[in-house]
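Keep the model open as you read.

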Amino acid sequence: MSSLTYLVIIVSLLAFVALGGVVAFIKTRQSDQLPPAQQTPLLPVEEEVAPTPDTSSPAQEVPESVPSRMQRLRARLAHSGGLGQALLGILSRGDLSPADWEELEETLLMADVGLDATTEILDNLRTAVKVTGPEADTRQLLRDELLKAVNVEMDRSLALTNKPATILMVGVNGTGKTTTTGKLARLLVAQEHTVLLGAADTFRAAAADQLCTWGERVGVEVVRSDREGADPASVAFDAVKQGADTDVDVVIVDTAGRLQNKAGLMDELGKIKRVMEKTVPTGEVLLVLDATTGQNGMRQAEVFAQAAGITGIVLSKLDGTAKGGIVISVQRALGVPVKFVGLGEGADDFAPFDPENFVDSLLS
């Protein structure tokens with residue numbers, strides 16, 4: 001190989017090395033001009049924080065309006081069958097035989113209408129059917145007689161003229177008296193009255209607790225004793241006095257259930273009423289009766305009327321219309337009206353008693 005060839009090879013290698021150096025220099029310069037790479041900093045791991053418990057009082061309930069209650073309870077009563085349907089079934093036979101009239105009598109007596117009221121209803125119905133003749137509208141004739149028996153002329157409003165108006169709730173054990181007291185408070189709140197409750201059933205702590213639960217749900221305060229077995233008359237007095245001092249509209253006092261044949265307990269009931277009247281006259285004494293007890297409830301009503309001066313009746317558990325006749329018999333015996341009825345376990349299954357709606361529901 002000639003010297004010229006060696007010279008060409010050496011020059012080529014030097015040129016290649018020089019070119020590589022120039023390229024490396026340019027890349028280095030470009031790298032120096034770029035901004036530093038942005039790196040995401042590592043965040044500290046946050047500790048899990050437990051949610052703060054809600055210590056606020058539960059939201060208050062809005063009780064159902066009275067018109068809505070009436071419509072719902074009327075529908076429930078209409079679907080329960082019973083007295084009205086049995087009577088209409090007999091009257092629809094046309095020309096009634098003596099056996100049919102006896103069946104009518106038995107149906108009314110079984111429904112706890114009472115002997116005197118049953119006799120009067122049937123005598124009037126016989127006369128009306130004879131006068132009207134074959135074209136008689138038996139349903140309308142029966143409706144007229146039942147309305148007379150229920151007595152639509154009775155005043156069923158609450159006496160709320162005093163400030164505060166006071167209502168004393170009485171009854172035997174097991175009639176749902178404390179529950180009825182709570183439901184009545186809800187009804188009055190729905191009518192935009194301010195209400196205070198008195199837990200004068202001091203023999204059962206559970207009764208006062210139950211009343212407090214009813215009150216909390218609609219924002220109604222309850223006056224109670226911290227000591228089990230305290231004097232119920234004292235609690236009643238404190239409730240009425242606090243109601244007067246705080247200018248509430250209505251004070252409702254719940255009392256212990258008692259047997260109608262216990263003279264001491266009945267005397268105590270009279271004492272509670274007298275103590276309440278040291279502040280303001282008692283507007284209402286409402287007797288809570290279980291509608292399913294029938295004629296036994298009638299005997300209870302008579303004894304309570306003598307001890308406390310009953311002004312009105314509350315019929316609980318009127319779901320079964322087979323016992324609906326007690327509305328007639330209890331009013332006839334005491335001369336005081338049924339003012340409220342309960343037809344279910346719901347908080348608002350409670351409404352003023354409307355005699356026309358009651359009769360129409362039975363016959364619907």
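Asp123 is partly exposed, with a relative accessible area of 40%. Arg126 is partly exposed too, at 31%. (Buried means under 20% relative accessible area, exposed over 50%, and partly exposed in between, with a 1.4 Å probe and protein chains only.) The two side chains meet in a salt bridge, 3.5 Å from N to O. A salt bridge here is a side-chain nitrogen of Lys or Arg within 4 Å of a carboxyl oxygen of Asp or Glu. Asp123 and Arg126 are three residues apart in helix α5 (residues 115-132), so about one helical turn separates them. Salt bridges that share partners also join Glu61, Arg69, Arg186, Arg217 and Asp348 into one network.

This is a predicted model: local features need pLDDT of at least 70, side-chain atom pairs count only at pLDDT 80 or more, and totals for chains, interfaces and linings use all residues. Residues are numbered from 1 along each chain as its sequence is written, and side-chain values use heavy atoms, with hydrogens and water left out.

A search of the whole structure finds 22 salt bridges. One of them joins Asp348 to Arg69, at 2.8 Å from N to O. Asp348 lies in the loop between β7 and β8 and Arg69 in helix α2 (residues 66-78), so this pair ties together parts that are 279 residues apart in sequence. Both Asp348 and Arg69 are buried. Asp349 forms a salt bridge with Arg72, with the closest N and O atoms 2.3 Å apart. Again the loop between β7 and β8 is tied to helix α2, here across 277 residues of sequence. Asp349 is buried, with a relative accessible area of 7%. Arg72 is partly exposed, at 26%.

Now the overall build. The chain has 13 helices and eight strands. Helices (H or I, at least four residues) and strands (E, at least two) are DSSP runs, numbered from the N terminus. Of the 364 residues, 44% count as buried.

The eight strands form an open sheet with mixed pairing, in the order β3-β2-β4-β1-β5-β6-β7-β8. (Two strands pair if DSSP finds at least two bridges between them.) β3 (221-223) and β8 (350-352) stand at the edges, each with a single partner strand, so one side of each is left without a neighbour in the sheet.

Which residues cover the two faces of β6? Gly312, Val314 and Ser316 lie on one side and Ile313 and Leu315 on the other, and all are buried. Five of the five residues of β6 are buried, so the strand is largely enclosed by the rest of the structure. β6 pairs with β5 in the parallel sense over five bridges. Leu289 stands opposite Leu315 there. β6 also pairs with β7 in the parallel sense, over three bridges. The bridge partner of Ile313 in β7 is Val338.

Last, the arginine. Arg156 sits in the loop between α6 (138-150) and β1 (165-170). Arg156 is buried yet has no salt bridge. The nearest side chain of opposite charge, Asp354, is 7.2 Å away. (Lys and Arg count as positive and Asp and Glu as negative; His and the chain ends are not counted.) A polar atom of the Arg156 side chain lies 3.1 Å from the backbone oxygen of Val150. Beyond its neighbours within four places in sequence, Arg156 has contacts (heavy atoms within 4.5 Å) that include Gln331, Val338 and Phe353.

Note on methods:
A polar contact is a pair of N or O atoms within 3.5 Å; within protein, one must be able to donate a hydrogen and the other to accept it, and residues adjacent in sequence count only if both atoms are side-chain atoms.
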